[in-house]
Amino acid sequence: MDRFGSPSEEHQPITWLRGYPIYATHLIVLVYVVSMIATSLVKGFMGVNAYGVANWLAFDTASVFHGQLWRYLTYGLWNPPSLSPFAFDMLFLFMFGREVEKFLGRLTFLRLFAGLYLLTPLLFTVIGIWRPMALVGETGAFAVFIAFATLYPEAVLMFNVLAKWAAFILVGIFTLMALSDGNLPVFLSLWATVLFAFGFVRHQQGHFSLPRLNLFRRGPKLRVLPDLGSEPGRGVKAIKGNSMAEVDALLDKIAQSGISSLTAKERAKLDRAREELKNRGAGHS
């Protein structure tokens with residue numbers, strides 16, 4: 001833990017393998033690939049009986065309402081080999097998850113991915129009160145790309161397409177595919193994870209804060225403020241001085257550990273300070 005209260009190793013690889021950095025993203029992809037191999041072997045050796053294993057792992061609201069809560073965790077472990085969606089989802093996760101993890105830090109990235117993994121079954125549980133819902137196979141990998149496009153909308157991808165336009169196009173295509181097939185679960189899962197990824201990243205960037213519910217709110221306390229009349233502008237100067245001190249501290253941190261060591265909130269603070277300097281420069285000119 002450094003003096004800023006943020007562990008810089010959170011933005012670094014977990015380990016190195018023959019000179020190649022290994023992030024939490026790579027371990028998640030490895031788990032899914034192993035599950036795909038295991039699914040293939042089970043189907044190959046058990047034949048029709050393999051569907052009994054799939055039914056035991058899959059999420060469905062009727063079973064959950066009967067207390068089979070393990071299905072919230074196991075539904076994503078049944079992955080028959082396929083080019084689409086499994087291979088493409090792993091490609092999205094492998095290529096873009098690492099960049100999202102570098103920016104957010106390992107623990108925050110894992111919270112993002114855990115939210116994406118649990119969001120769809122939790123949503124289906126609520127809908128299951130009125131309509132039975134089922135789910136099997138990994139979800140949320142595409143939403144990691146949405147998180148990347150939210151962080152780096154101007155990043156240039158294949159064929160010189162910006163990340164933000166690629167995200168719009170792919171979300172539109174997947175939406176039309178789900179609607180044309182009449183596949184309500186896929187449609188709901190797509191939009192739930194996409195919106196969650198977008199909102200999560202924007203929150204980490206400091207663009208909005210979640211409301212806080214204080215159930216034990218007390219009445220306001222009376223405080224005696226110091227007399228600032230004798231020194232006009234003293235409070236404003238103190239605030240500006242504190243802000244510049246924070247910026248100087250962030251710059252020191254970058255010099256010592258690199259810009260990747262900054263948390264999302266620290267980056268947002270640095271961006272705001274840069275914009276304020278630009279505005280001041282424009283005002284003086």
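## Tyr152 and its partner

Tyr152 is partly exposed, at 28% relative accessible area. In this predicted model, Tyr152 pairs with Phe103 in an edge-to-face arrangement, with the ring centres 6.3 Å apart and 85° between the planes.

What does the pair tie together? Phe103 belongs to helix α5, while Tyr152 is in the loop between α7 and α8, so the contact links parts that lie 49 residues apart in sequence.

Searching the whole structure turns up 15 aromatic pairs. Phe103 and Tyr152 also belong to one aromatic cluster, together with Phe92, Phe96, Phe142, Phe145, Phe148 and Phe174.

## The largest pocket

The largest pocket has a volume of about 1300 Å³. It is lined by 42 residues, and those closest to its centre are Pro85, Asp89, Phe92, Phe142 and Phe174. Of these, Phe92, Phe142 and Phe174 are also part of the aromatic cluster.

Which elements give two or more residues to the lining? They are α5 (83-104), β4 (134-135), α7 (141-151), α8 (163-181) and α9 (184-204). Helix α5 provides the largest share, with 9 residues. Sorted by class, the lining comes out as 30 nonpolar, 9 polar and 3 charged residues.

The structure has 5 salt bridges, and Glu99 takes part in bridges with Arg98 at 3.6 Å, N to O, and with Lys102, where the closest N and O atoms are 3.7 Å apart. Put together, Arg98, Glu99 and Lys102 make up a salt-bridge network.

Glu99 and Lys102 are both in helix α5, with a spacing of 3 residues, or about one turn of the helix. How accessible are they? Glu99 is partly exposed at 23% relative accessibility, and Lys102 is partly exposed too, at 27%.

Another salt bridge joins Asp60 to Arg71, with 3.7 Å between the closest N and O atoms. Asp60 is in strand β3 (residues 59-60) and Arg71 in helix α4 (residues 71-74), so this bridge ties together parts 11 residues apart in sequence. Is Arg71 buried or exposed? At 5% relative accessibility, Arg71 is buried.

How values were computed. Residues numbered from 1 in each chain as written. Predicted model: local features only at pLDDT ≥ 70, side-chain atom pairs only at ≥ 80, totals over all residues. Heavy atoms only, no water. 1 Å grid on protein atoms, 1.4 Å probe; cavity = no way out; pocket = protein on both sides within 12 Å on 5 of 7 lines; lining within 4 Å. Points joined across faces, edges and corners; volume = space filled by probe spheres on them. Helix = DSSP H or I, 4+ residues; strand = E, 2+ residues; numbered from the N terminus. Nonpolar A, V, L, I, M, F, W, Y, C, P; charged D, E, K, R; others polar. Phe/Tyr/Trp six-rings, centres within 6.5 Å; stacked < 30°, edge-to-face > 60°. Buried < 20%, exposed > 50% of the residue type's maximum accessible area, 1.4 Å probe, protein only. Salt bridge = Lys/Arg side-chain N within 4 Å of Asp/Glu carboxyl O.
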